[in-house]
Amino acid sequence: MQNAPLLWGFLLLSQRKIGIIYSIKKAKVMDDKIVLTGIKPTGTPHMGNYIGALKPLVELSQNHKTCMFIADLHALNSIHDAKEIKQHTYEIAAMLIAMGLNLDNAILFRQSDINEIYQLNEFLMNVTPKGLMNRAHSYKAMIEKNSAAGEDVDAGVNMGLYTYPVLMAADILLYNSDIVPVGKDQKQHVEFARDIAGYFNNIYGETFKLPEPVISEDAGLIPGLDGRKMSKSYDNTIPLFAPSNELKKKIMRIITDSKTPEEPKNPDESTIFQIYKHFANESEIAEFRKMFLDGGMGYGTAKTILFEKIDSVLAPARAEYERLMANKSEIDAILADGAKKAGFVAAKTISKVKKKMLG
Ligand code: ADP
Ligand code: TRP
């Protein structure tokens, strides 16, 4: 779309700003590029999700046009409970807003609110080779697991899961995205979107831009309470906005080794330190590191320092999150506004595609 930047400029009229603004460390993205990403509403956001996925997006939105949606259609292949999807959708939206997503630059919307997404998905199905889907890592992992268990290879695989990359390509192509920041696990899906755009352009002539994946600089995997990767599947998470007393209880449960308070400790192997460094400033991090290395600090004290840091840093955002969750109509209004703006771009793309494919 030749005049897309103009269109976006027009759409991104000033809205409002709230919450904490984090410094931008990693944005390597050109100013005039359209950055798009989606987040699946499959769980209550935990610290791993925040540090690994959401914080970089909030930072990016400080000085880039970003298009961010809650990928509720993508949640459907694993969650068949509308209430649950809706609740997580609100949680993610509220969290992004409370953490300072810059709504002057970001369009935030719900994937399913844009009717054109269902249409583009259908159109793209017809230029996507089945073999491409067979090569998708997530599908392959599933069939390998099934065959190792002696089950039918496709057991538990619905068509939503199998064709997941087509819907994701539709997400990316519908809004003329240039840059798609994703975690490592999603890189192949963005490459598939490029492939699918290429197949389409070969048949119907230049239509779609080829998107670029940007793999979030490794924030590192945030460890959970038991030291494994923090993940809802391991039940070892610390919810980002747990109330103070719950947060404290969780932090006190972090598993540590059995070093005595006097012994020096390795901060880089400590879950406590790994989490702390995402919430503190540089001099605080250096000081805490030294306390580990010098010895003389017990893990109980280290946990209290971690708790106090997180609790105070997150207090304003947590209050805003709670306020938004108690006023869902405010979130609805932001999502509706986002959908209106995104829908405008989507309608233009679809009319072009429909014309090319059906005349
Ligand atoms: P979970 O493992 O809890 O199911 P998801 O797979 O839904 O989390 O992850 C959503 C996003 O959060 C992904 O982009 C992923 O990169 C990021 N993420 C999840 N857990 C962590 C973690 N422990 N450390 C860093 N990033 C994480
Ligand atoms: N598949 C992504 C995930 O599981 C979420 C997603 C859906 C997405 N559509 C997207 C990410 C488009 C980037 C662009 O995390």
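Predicted model: local features only at pLDDT ≥ 70, side-chain atom pairs only at ≥ 80, totals over all residues.

Colleague: How many of the residues count as buried, as a percentage?

Modeller: 52% of the 359 residues in the protein chain.

Colleague: And how many helices and strands are there?

Modeller: The protein chain has 15 helices and five strands. Its radius of gyration is 22 Å, close to the 21 Å from the globule rule for 359 residues, so the chain is as compact as a globular protein of that length. The C-alpha trace spans about 75 × 55 × 35 Å along its principal axes.

Colleague: Switching to ligand 2. Which residues are closest to it?

Modeller: H74, Y164, M168, D171 and Q186 are the closest, out of 14 residues that surround ligand 2.

Colleague: Which side chains have an N or O atom by a nitrogen atom of the ligand?

Modeller: For Y164, the distance from a ligand 2 nitrogen to a side-chain N or O atom is 2.6 Å. With D171 the corresponding distance is 2.7 Å, and with Q186 it is 2.9 Å.

Colleague: How much of ligand 2 does the protein cover?

Modeller: 90% of the 370 Å² of accessible area that ligand 2 has on its own.

Colleague: Which element gives the largest share of the shell?

Modeller: Helix 9, with four residues. By class, the shell around ligand 2 has eight nonpolar, four polar and two charged residues.

Colleague: Buried or exposed?

Modeller: L101 counts as buried because its relative accessibility is 1%, and the cut-off for buried is under 20%. Beyond its neighbours within four places in sequence, L101 contacts L57, V58, S61, M68, L96, A106 and L108.

Colleague: What about R110, why does that count as buried?

Modeller: Because R110 has 13% relative accessibility. R110 is in strand 3, and leaving out residues up to four places away in sequence, R110 touches I70, D72, K86, T89, D332 and L335.

Terms used: Residues numbered from 1 in each chain as written. Chains lettered and ligands numbered in written order. Heavy atoms only, no water. Near = heavy atom within 4 Å. Polar contact = N/O pair within 3.5 Å; in protein donor to acceptor, adjacent residues only side chain to side chain. Areas by Shrake-Rupley, 256 points an atom, 1.4 Å probe, with all protein chains shown as cover. Helix = DSSP H or I, 4+ residues; strand = E, 2+ residues; numbered from the N terminus. Nonpolar A, V, L, I, M, F, W, Y, C, P; charged D, E, K, R; others polar. Buried < 20%, exposed > 50% of the residue type's maximum accessible area, 1.4 Å probe, protein only. Contact = heavy atoms within 4.5 Å. Rg over C-alpha atoms; globule rule 2.2 N^0.38 Å.
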